[in-house]
Amino acid sequence: MCASPGPIPPDPSPGSPATATAHRTGYDEHFLGPRVPLPHPVDSGIETTLLPYTHFTVVLRPSRRLALATTVAVDGARLRDSDRDSEWRLDPRAPVTAQAGNELYRQNPLDRGHLVRRLDPVWGDRAEAEQADDDTFHYTNAAPQADVFNQGLELWLGLENHLLEHAARFDRKLVVHTGPVLLDDDPVYRGVQIPLRFWKAVAFLDRGELAATAYVLDQSPDLDDAHRALTLAEAAGDPPPLGAFRTFQAPVADVAAVTGLDLGPLPAADRMPVDVTAAPGPERWTRLGSPEDIVWRREGPAG
């Protein structure tokens with residue numbers, strides 16, 4: 001296995017299918033000013049491949065056929081509407097065996113969940129914005145989610161908007177890391193292990209200093225014997241019985257611990273007060289019922 005993060009695939013030859021995305025520059029780690037690097041595994045033995053798109057980058061974990069993390073730069077002052085009508089497709093820069101394509105999602109209740117939300121990278125001039133929109137429809141930017149639309153999912157999808165409205169009072173830019181929590185015991189369906197949790201860490205400037213908040217979306221089965229239900233579904237070749245979405249605000253350090261990712265300077269920039277007497281994990285996470293429950297700025301001096 002190569003050291004993480006892996007290299008950007010080389011440019012393909014002219015005329016090959018991969019030329020459509022060959023010259024994407026991806027996420028700029030100096031977008032906010034202070035350096036915010038891409039997440040990468042603490043375990044250097046985990047193989048990853050970087051796939052740059054327009055205003056965002058996917059950190060692909062080929063062995064899981066899903067993204068380990070995605071990072072997008074959101075420029076609130078330059079956001080645009082887009083009328084692109086795109087279809088999901090594989091990224092020709094990565095092997096087919098390293099991506100979970102339509103065979104995972106057809107004829108079942110699994111949704112293709114955008115990791116980088118469709119409209120987050122849609123900014124800049126018209127051509128640039130539409131290219132960014134189209135780029136989000138690569139399967140490398142998708143992860144299987146329950147097809148249940150409820151308050152928890154609605155809140156999850158609205159987090160970036162809510163934070164952007166507040167961060168705009170200080171700086172109209174955000175950096176959003178998003179990904180599935182990939183665990184060794186995730187249930188298997190059609191040859192792909194299905195993550196039961198997702199995470200998000202948002203970085204912005206607060207009074208000129210780097211600030212961050214983090215969130216966890218849980219779609220674990222809401223059953224008394226969830227493990228048995230997952231095991232039975234796996235044995236039968238059925239999709240895992242995913243539960244209703246539950247959204248939490250969590251310390252950035254907890255997200256780093258749960259995912260095994262190095263999140264750079266973000267744990268030290270966290271704006272959520274942390275109960276240091278409680279062990280890292282769900283016991284000190286705050287379940288969110290509405291955007292108003294989010295703690296996004298500490299009282300007193302920044303930092």
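## Helix α5 and its cover

Helix α5 spans residues 252-259. Its buried residues are V252, D254, V255, A256 and T259. This picture comes from a predicted model.

What covers these buried residues? Strands are part of the cover: it includes β10 (197-206), β11 (209-218), β12 (246-250) and β13 (261-262). The helix lies across β10, β11 and β12. Relative to β11, α5 runs at about 55 degrees.

## The open sheet

How many strands form the open sheet? There are 8. Their order is β2-β3-β4-β7-β10-β11-β12-β14, and the pairing is antiparallel. The edge strands are β2 (49-52) and β14 (286-287), and each of them pairs on one side only. Strands of a sheet pair through backbone hydrogen bonds, and the pairing can be parallel or antiparallel.

Now take one pair inside this order. Strand β4 covers residues 66-75, and strand β7 covers residues 173-180. The two run antiparallel, joined by 6 bridges. Look for V72 in the structure: its bridge partner in β7 is V176.

## T57 in strand β3

T57 sits in strand β3, which holds residues 56-61. Is T57 buried or exposed? Its relative accessibility is 5%, and buried means under 20%, so T57 counts as buried.

Which residues does T57 touch, leaving aside its neighbours within four places in sequence? They are G26, Y27, L38, L51, P52, A69, T70 and T71. Two of these contacts deserve a second look.

Start with Y27. Its backbone nitrogen lies 2.9 Å from a polar atom of the T57 side chain. Next, take T70. In sequence, T57 and T70 are 13 residues apart. In space, their C-alpha atoms are 5.8 Å apart.

## Putting it together

The sheet order places β3 between β2 and β4. T57 belongs to β3, and its contacts include L51 and T70. Further along the order come β10, β11 and β12, the strands that α5 lies across.

Notes
Residues are numbered from 1 along each chain as its sequence is written. This is a predicted model: local features need pLDDT of at least 70, side-chain atom pairs count only at pLDDT 80 or more; totals for chains, interfaces and linings use all residues. Side-chain values use heavy atoms; hydrogens and water are left out. Helices (H or I, at least four residues) and strands (E, at least two) are DSSP runs, numbered from the N terminus. Buried means under 20% relative accessible area, exposed over 50%, partly exposed in between (1.4 Å probe, protein chains only). A polar contact is a pair of N or O atoms within 3.5 Å; within protein, one must be able to donate a hydrogen and the other to accept it, and residues adjacent in sequence count only if both atoms are side-chain atoms. Contact means heavy atoms within 4.5 Å. Two strands pair if DSSP finds at least two bridges between them. Axes are lines fitted to C-alpha atoms, for helices over the stretch in contact, and angles run from 0 to 180 degrees between N-to-C directions.
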